[in-house]
Amino acid sequence: MTGVDVEAPVQTSARRRGVGSLYAGNGRSVVYRGWLATKSTNWLVVVSGVFEPIFYLLSLGIGLGAFVGTVSAGDGRSISYAAFIAPALLATAAMNGAVYDSTWNVFFKIRFARLYEGMLATSLGPLDVAFGEIALALLRGAGYAVAFMIVMQFVGLNLSWWALLALPAVLLVAFAFASFGMGITSYMKSFQQMDIINFVMLPMFLLSGTFYPLSVYPQGVQVVIQALPLWQSVDLVRSLTTGAVGVGVLWHVLYLGVMAVLGMILTTRRLRALFLD
């Protein structure tokens, strides 16, 4: 047919399957769109997440802590119960903020709003979308963490100058959980399946050394707990805020870094498989 380029669709499809189809260098547009949507619709939900760990700290760390007394820090020093659970709540706040954005929000965008289909029909690639969405989750987790760290400083629960490194540490925590959470969510097809995330998150929150030292558990259970990403996060942040810094901190950083990279790879491949292949 005259005037019609029949090879154009084939060439476009080939380009979308190439390396250039993965990343267009414009993840910031995804971040900006998400920021506008959050600001106009669910900012109250976001703000409410700031107060949850603070209420835990006031009720358990300070209230119950008056009866518990002191707890042993990682280097053998005795610290208050509030100083023991505060860094755990800080790591949990970063995790919760990141996981909420990278799971439930992403699930709605994939299964109901069909938002990513529209994004990937443009020049954006799956890596742009992954970077953008994970950056949004990272911002949310960072916001929760900064607010909680200010409270910790105000009530005197940052016991060392090492606590200055707690902020980049919780950013790594948020990045690891956000990247992996988005990849896992891409497999979910119903709200019932999404409940599995809550089913996993709650026991991990209670068992990851959040409220009790690891030594209270049997040896076999300790091994399982130490394999959990939240325990790695809690022990990393607690080491920094209490000043009990050792070589083990590097292992925590490596664990969370590998988790973040694997999550990015999983998320990118899943978005490409769902919407481009």
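A contact here means heavy atoms within 4.5 Å. By that rule, residues 24 or more positions apart account for 80% of the contacts in the protein chain with a separation of 6 or more.

The structure is a predicted model, in which local features need pLDDT of at least 70 and side-chain atom pairs count only at pLDDT 80 or more, while totals for chains, interfaces and linings use all residues. Residues are numbered from 1 along each chain as its sequence is written, and side-chain values use heavy atoms, with hydrogens and water left out.

**Overall layout**

The protein chain has 11 helices and two strands; these are DSSP runs numbered from the N terminus, helices being H or I of at least four residues and strands E of at least two. Read from the N terminus, the order is α-α-α-β-β-α-α-α-α-α-α-α-α. Of the 277 residues in the protein chain, 45% are buried (under 20% relative accessible area, with exposed over 50% and partly exposed in between, using a 1.4 Å probe and protein chains only). The protein chain exposes about 14,000 Å², and carbon and sulfur atoms supply 70% of that area (Shrake-Rupley method, 1.4 Å probe).

**The nonpolar core**

A nonpolar core is a set of buried Ala, Val, Leu, Ile, Met, Phe, Trp, Tyr and Cys residues joined through side-chain atoms within 4.5 Å. The largest one holds 68 residues, and Leu90, Tyr116, Phe148 and Phe177 touch the most other members. Helices that each supply at least two residues of this core include H3 (43-68), H6 (126-154) and H11 (248-275). H4 gives the most, with 18 residues. Leaving aside residues up to four places away in sequence, Phe177 touches Met95, Val99, Ser102, Met204, Pro229, Leu230, Ser233 and Met259.

**H4 against H8**

Two packed helices are described by the angle between their axes and the distance between the axes. For H4 and H8 the angle is about 175° and the axes are 12 Å apart; axes are lines fitted to C-alpha atoms over the stretch in contact, and angles run from 0 to 180 degrees between N-to-C directions. H4 and H8 are therefore roughly antiparallel (angles over 145 degrees). The table lists the residues that make the contact.

| Helix | Residues in the contact |
|---|---|
| H4 | Leu89, Thr92, Met95, Asn96, Val99, Thr103, Trp104, Phe107 |
| H8 | Phe191, Met194, Asp195, Ile197, Asn198, Met201, Met204, Phe205 |

**A loop residue**

Arg114 lies in the loop between H4 and H5. Its phi is near 55°, a positive value in a residue other than glycine. Arg114 is partly exposed, with a relative accessible area of 44%.

Conventions: Angles under 35 degrees count as roughly parallel, over 145 as roughly antiparallel, 65 to 115 as roughly perpendicular and the rest as oblique.
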